[in-house]
Amino acid sequence: MSARALASVLWMVLLAPWRLWHRADAGCSEERRCCPGRDPSCTSTGWRMDRVYGTCFCDEACRLTGDCCYDYSQACPALPCIVGEWSHWSGCAEQCKPNLRMRRRYVKQEPKNGGEPCPLLEEKSGCLEYLTYPGQDCGHEYVPAFITTSEYSKERKRKAVSPLWSSDTEEAGYCVEFKTESLSHHCTVENRPYARWMQYLREGYTVCVACQPPAMNTGNHRCSGDGLGADGNKVLHWQAVGNLRCQGTWKKVRQVEQCSCPVVHSFIFT
């Protein structure tokens with residue numbers, strides 16, 4: 001073997017440990033790779049998180065399979081989904097009949113590298129509008145009583161009410177106590193986010209239902225289905241806005257100025 005060939009062999013022998021160390025330190029950063037989902041081609045060579053040397057991955061799925069390159073967390077940090085604020089509730093899809101309103105929020109940053117996924121982006125809620133688009137009063141001929149959660153009253157107060165109501169009458173209202181007699185099983189099994197309040201309707205319970213503008217008729221200052229003139233023996237019908245199959249009967253107990261039932265048993269006429 002010539003001196004030159006011998007020198008070349010010696011150089012390769014001396015260089016081998018450096019090459020091994022260099023490749024052992026390779027990873028996602030050196031390859032500049034961060035891939036979404038499961039990508040078999042998104043690989044490097046080096047130490048893995050499970051302390052095995054060899055082919056390692058730089059895709060999102062490697063967190064689940066445990067074959068990420070050792071530097072994946074630093075090279076590909078998890079970024080959570082970021083969403084904006086909820087929009088205001090829309091008006092009812094239709095006026096003068098029970099329907100749904102909606103609100104949305106939008107994604108500001110998509111999740112990356114296994115970050116927290118996006119939460120619910122759309123919510124719906126039952127509603128009933130008592131004004132036509134031209135401003136004509138309507139909807140009060142509906143019976144049975146249409147009810148929804150008392151939480152809706154907060155949004156209702158925020159929005160402008162019928163121009164037929166003056167500032168002196170906007171605070172007008174009353175409360176009717178009913179004892180529930182029967183209800184459909186569709187109430188207790190309801191689990192949609194905007195309708196979970198229906199789960200708290202129970203037979204034999206006393207519930208409070210508030211009558212407030214704009215559900216209150218501007219002519220007689222009453223809410224449809226409030227049991228006006230009914231004695232304690234008359235069976236009245238009610239229906240939950242947001243689920244037409246959640247309905248039942250109740251009997252009027254009394255009318256009072258303010259509701260005093262627990263929040264889960266407090267509702268409003270819609």
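These exercises cover the disulfides and salt bridges of a predicted model.

**Exercise 1. How many disulfides does a search of the whole structure find, and what kind of bond is a disulfide?**

Step 1. Search the whole structure. The search finds 11 disulfides.

Step 2. A disulfide is a covalent bond between the sulfur atoms of two cysteines.

**Exercise 2. Take the disulfide of Cys 28 and Cys 58. Work out its handedness, the parts it ties together and the burial of each cysteine.**

Step 1. Check the sulfur atoms. They lie 2.2 Å apart, and the cut-off for a disulfide is within 2.5 Å.

Step 2. Read the angle about the S-S bond. It is -100 degrees, and the link is left-handed.

Step 3. Cys 28 lies in helix α2, residues 28-31. Cys 58 lies in the loop between β2 (53-57) and α3 (62-65). The pair therefore ties together parts that are 30 residues apart in sequence.

Step 4. Turn to accessibility. Buried means under 20% relative accessible area. Cys 28 has 1%, so Cys 28 is buried. Cys 58 has 0%, so Cys 58 is buried too.

**Exercise 3. Is the link of Cys 62 and Cys 68 left-handed or right-handed, and are these two cysteines buried or exposed?**

Step 1. Confirm the bond. Cys 62 and Cys 68 form a disulfide, with sulfur atoms 1.9 Å apart.

Step 2. Read the angle. It is 95 degrees about the S-S bond, and the link is right-handed.

Step 3. Check the surroundings. Both Cys 62 and Cys 68 are buried.

**Exercise 4. How many salt bridges does the structure hold, and how close do Asp 50 and Arg 48 come?**

Step 1. The structure holds 8 salt bridges.

Step 2. Side chains of opposite charge can pair when their charged atoms come close.

Step 3. Apply it. The closest N and O atoms of Asp 50 and Arg 48 are 2.6 Å apart, and the salt-bridge cut-off is within 4 Å.

Step 4. Asp 50 is partly exposed at 34%. Arg 48 is partly exposed at 22%.

**Exercise 5. Which strands are tied together by the salt bridges of Glu 123 with Arg 103 and Glu 122 with Arg 104?**

Step 1. Take Glu 123 and Arg 103. Their side chains meet at 2.8 Å, N to O. Glu 123 lies in strand β6 and Arg 103 in strand β4 (residues 99-104), so the pair ties together parts that are 20 residues apart in sequence. Glu 123 is partly exposed, at 21%.

Step 2. Take Glu 122 and Arg 104. Their N to O distance is 3.1 Å. Glu 122 lies in β6 and Arg 104 in β4, so this pair ties together parts that are 18 residues apart in sequence.

Step 3. Compare with the surface. Glu 122 is partly exposed at 31%. Arg 104 is partly exposed at 38%.

Step 4. Finish with a network. Salt bridges that share partners join Arg 38, Asp 59 and Asp 67.

Technical notes: Residues are numbered from 1 along each chain as its sequence is written. This is a predicted model: local features need pLDDT of at least 70, side-chain atom pairs count only at pLDDT 80 or more; totals for chains, interfaces and linings use all residues. Side-chain values use heavy atoms; hydrogens and water are left out. Helices (H or I, at least four residues) and strands (E, at least two) are DSSP runs, numbered from the N terminus. Buried means under 20% relative accessible area, exposed over 50%, partly exposed in between (1.4 Å probe, protein chains only).
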